[in-house]
Amino acid sequence: MLNTAVKAARRAGGIINRASRNLDILTVEHKAANDFVSEVDREAESAIIDMLLRAYPKHSILAEESGAAGDSEYQWIIDPLDGTTNFLHGFPQYAVSIALAHHGVLTHAVVFDPGRNDLFTASRGAGAYLNDQRLRVSKRIRLQESLIGTGFPFRELAQVDRYLAIFRELLGKTAGMRRPGSAALDLAYVAAGRLDGFWEFGLAPWDMAAGALLTTEAGGLVGDLRGDEGYMESGNMVAGSPKIFAQLLRIIEPHLD
Ligand code: IPD
Ligand code: CA
Ligand code: CA
């Protein structure tokens, strides 16, 4: 099943790479404020779904652009292009994200960065990989020395004050914060130890699913803002190596009501 997901991600990556050479001729639509979709998102998504359903016709799908379809114990969770705003600007930080859940438990994950040809994969119990290299989360133990990824709550402006209060506190207590613009890739970077931790509010399941399995299979932890499960439902997520995860939660928790 992982092989099929890898093939589908590479196929979508080809579509994205080709389109990246001709960004000025793309048709772009506004989904909501600051939220765009292009024909590339749609083409990549339908290529992925075609390949997955050809191999597994009975499986169900949850995909960003086309929504939910089918009813099966197996569900593919797909973001065909995570980081659309970056992509549309030629800012090279975006990825294809595909995960498989069985009875709601994440079992396989692929995050593919087509610009760099970085293929992140994980299967439950079998570890996480970047191409053929085994991944481990970072060994840093002090938040003060850690590089933390995040994303802005640009869809839910009601969250901005709370977000900024946490951001402000973390600014003084970390080595730095980054907002690269692709949550799936941010989580893959946590798995690879390139980021020591990550937090964001208001994500969708397809932003988080593959990256969450990559992180845990690389020895990290993922949870909601209190460290509990349920981040797939709330969309609020904290991730990191076990030590940094705990320190992030200690800072975030007092800001929650
Ligand atoms: C977005 C990216 C971004 C995150 C947003 C997501 P999209 O996904 O993951 O980093 O901050 O919350 O919606 O819309 O480019 O697929
Ligand atoms: Ca996304
Ligand atoms: Ca997307």
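These legends describe close-up views of a predicted model. Local features need pLDDT of at least 70 and side-chain atom pairs count only at pLDDT 80 or more, while totals for chains, interfaces and linings use all residues. Residues are numbered from 1 along each chain as its sequence is written, chains are lettered from A and ligands numbered from 1 in the order in which they are written, and side-chain values use heavy atoms, without hydrogens or water.

**View 1. An open sheet of five strands with mixed pairing.** The strand order is β12-β11-β13-β15-β14. Strands (E, at least two residues) and helices (H or I, at least four residues) are DSSP runs, numbered from the N terminus. Two strands pair if DSSP finds at least two bridges between them. The edges are β12 (176-178) and β14 (221-223), and each pairs on one side only. Neighbouring strands are turned by 15° against each other on average, direction ignored. Angles run from 0 to 180 degrees between N-to-C directions, and axes are lines fitted to C-alpha atoms, for helices over the stretch in contact.

**View 2. Strands β13 and β15, with helix α4 on the sheet.** β13 (residues 197-200) and β15 (residues 237-240) run antiparallel and are joined by four bridges. W199 stands opposite V238 in β15. Helix α4 (residues 160-171) packs on the sheet, touching β11 (147-150), β12 and β13. Contact means heavy atoms within 4.5 Å. The direction of α4 makes about 160° with that of β13.

**View 3. Helix α5 against helix α6.** The axes of α5 (residues 183-191) and α6 (residues 205-217) come within 8 Å and cross at roughly 5°. That makes α5 roughly parallel to α6 (angles under 35 degrees). From α5, the contact includes A183, L187 and V190; from α6, it includes M208, G211 and L214. The contact residues divide into nine nonpolar, two polar and one charged. Ala, Val, Leu, Ile, Met, Phe, Trp, Tyr, Cys and Pro count as nonpolar, Asp, Glu, Lys and Arg as charged, and the others, Gly among them, as polar.

**View 4. The calcium ion (ligand 2) and its donors.** D79 (OD), D82 (OD) and D207 (OD) coordinate this ion at 2.1 to 2.2 Å. Donors are N, O and S atoms within 2.8 Å of the metal (3.2 Å for Na, K and Ca); water is not among the atoms, so sites may look incomplete. D79 also bridges to the calcium ion (ligand 3), and the two ions lie 3.7 Å apart. D79 lies in strand β5 (residues 74-82) and D207 in helix α6, so the pair ties together parts that are 128 residues apart in sequence. D79 is buried, with a relative accessible area of 1%. D207 also counts as buried, at 9%. Buried means under 20% relative accessible area (1.4 Å probe, protein chains only).

Technical notes:
Angles under 35 degrees count as roughly parallel, over 145 as roughly antiparallel, 65 to 115 as roughly perpendicular and the rest as oblique. Buried means under 20% relative accessible area, exposed over 50%, partly exposed in between (1.4 Å probe, protein chains only).
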